Amino acid sequence: MTGPDHILIQVQDVWKAFDDNEVLKGISLRVHDGSSDVILGRSGIGKSVLLKSIVGLLTPERGSITVMDEEVIGMKNRDLNRLRKQIGYVFQYAALYDSLTVRENLEFPLRKHTDADEEEISDRVFEQLKLVGLEDAIDKMPSELSGGMKKRIGLARAIIKRPRIVLYDEPTAGLDPITAREISDLILSLEEQFGITSITVTHDLECARIIANRIYILDDGLFQHQGSYDELKASTDPYTKAFFQVTR
Amino acid sequence: MSEQPTHKEIPYLRFTRNRIKKAMEEVYGITMFGLRFFRYVFVPPYEFGQVRKHLDELGSKSLPLLTVVGLIMGLILALQSRPTLDRFGAGGFLPAMIALTIVRELGPVITALVVAGRVSSGIGAEVGSMKVTEQIDALEVSAVDPYNYLVVTRVLACAIIMPLLTAYVDFLAIFGGFVSEWLSHNSSFQLYFTEVIQSLRFYDILPGIGKTIAFGYIIGVIGAYQGFNTSRGTEGVGRAATSAVVLASLNIIFLDMVIVQLTFLFLGPGG
């Protein structure tokens, strides 16, 4: 089932703790098909924990997470892997495989999960690199790339399988404002081009402004406020106001 | 009269108890991690390409070091043993003594310790670095099982390559013994190796080479376990590499002791 009314990701009353530190305290979220939702919040507040729980990298103690109508919590590895083939994940520091070249990094998901022949794989890799504007980096090792280039390659790797959902973990963290802007614009253009549904975790307001349909503000284990960028910017709530003023 | 514990003993006891508990948890963790290998190794997808790559890396890159170690080990063993054997009028048994010592014990254990130092630490550092840079998570979200892709392939490569490396070191060490004998007593190559071949039986070679498969398994499993459980960034990677060498070496010595006892039990002390 597709369409903007269809809920692609649903998080309900999810609790997650690390030892005595409760990070998520009954959090809930609904992401509609084709929507680009952004989660804002301070560092260490549990944004990435939520993202990793959605993709099954972390297991919450309580609650329910459904992705494309399938319950993720308690799902068998085999089923989880089937689901993950339709999800792209962009890591905070790109997480490129450092023993592989850029080409091999991009080929990796295709070789593992498709029957594409050498020519198809090669064409697809080149096409992805063209999309992110890094055709010249094809034979470079990740250690030879700048932070911004790594993020672009990470983005290209995440979408090379044409996933329905992409999860972005701090896509602009550690970048200068110009590169951060470029990455945000790139995310927006790729999402529009491929009709991707996404959740982005960030504390970069500019990134949120560019890509978000809806923004959630996470604090104390729960979403305290939500709305469009303009609604939240105009909010009189002290925390939201402070967040928008401090990080502007 | 029983002594009452002083207030200083209580924290010490607590510390000791915690250390023992932690060590037991580590042993349990490594055991379960290692046992998973047998569940995964027979189940597809088979990563033959990765196994081949690791075989090449583990084998070819260990060869220069093992060549030097093997030759010098045989040379020293001959130099040290010759005066003692001469004192008992048993100098003629030197080739047999070198062959048996090397093939049964020194060859497998020294090879395993050298490989543990080079490979186990390498696996610990490599996998640990992948862990702290989220590459293992990246594999997982790419629907690739990291245990199968990273651990099974390395453990398999270690278990396959160890007997081959040991056979190579055994040969070089025996040859090193000949070099020593040739230099000091002008021994003939034919006589020396005839003695060596006559002294060795199938039951001397089989346990010696066979146990290195288990050593390889230990080297791979412990290195990968330490890497998989790395935390605290680059500091943790260094610690994983060091712990991998220490634990792998200790386990090799311990396992060797067990295997020697079992060999004596089933095949007798003579072979």
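The following legends describe close-up views of a predicted model.

**View 1. Packing of helices H3 and H8 in chain B.** Helix H3 of chain B (residues 94-132) packs with helix H8 of chain B (residues 233-267) at an angle of about 150°, and their axes are 8 Å apart. Angles over 145 degrees count as roughly antiparallel; H3(B) and H8(B) are therefore roughly antiparallel to each other. The crossing of these two helices, H3(B) and H8(B), is right-handed. By class, 14 nonpolar, ten polar and one charged residues make up the contact of H3(B) with H8(B).

View 2. Leaving aside residues up to four places away in sequence, B:Ile161 touches B:Leu55, B:Leu58, B:Gly59 and B:Gly216. B:Val69 is 92 residues from B:Ile161 in sequence, and the two are 17 Å apart in space, C-alpha to C-alpha.

**View 3. The contact between chain A and chain B.** Chain A contributes 15 residues to this contact, and chain B contributes ten residues. On the side of chain A that touches chain B, helix H2 (77-84), strand S6 (87-90) and helix H3 (102-113) of chain A each supply at least two residues. H3(A) provides the largest share of that side, four residues. By class, the residues of the side of chain A that touches chain B comprise ten nonpolar, two polar and three charged.

**View 4. The open four-stranded sheet of chain A.** Four strands of chain A form an open sheet in the order S2-S1-S4-S5, with antiparallel pairing. Strand S2 (21-32) and strand S5 (70-71) of chain A stand at the edges; each has a single partner strand, so one side of each is left without a neighbour in the sheet.

**View 5. Pairing of strands S4 and S5 in chain A.** Strand S4 of chain A (residues 62-67) pairs with S5(A) over two bridges, in the antiparallel sense. A:Thr66 has A:Glu71, in S5(A), as its bridge partner.

**View 6. Helix H1 of chain A across the sheet strands.** Helix H1 of chain A (residues 47-54) lies across strand S1 (7-18), S2 and S4 of chain A. The helix H1(A) runs at about 120° to S1(A).

Key
Residues numbered from 1 in each chain as written. Chains lettered and ligands numbered in written order. Predicted model: local features only at pLDDT ≥ 70, side-chain atom pairs only at ≥ 80, totals over all residues. Axes fitted to C-alpha atoms, helices over the stretch in contact; angles between N-to-C directions. Parallel < 35°, antiparallel > 145°, perpendicular 65-115°, else oblique. Left-handed = near helix turned anticlockwise from the far one by under 90°. Nonpolar A, V, L, I, M, F, W, Y, C, P; charged D, E, K, R; others polar. Contact = placed C-beta atoms within 7 Å. Pairing = 2+ DSSP bridges.
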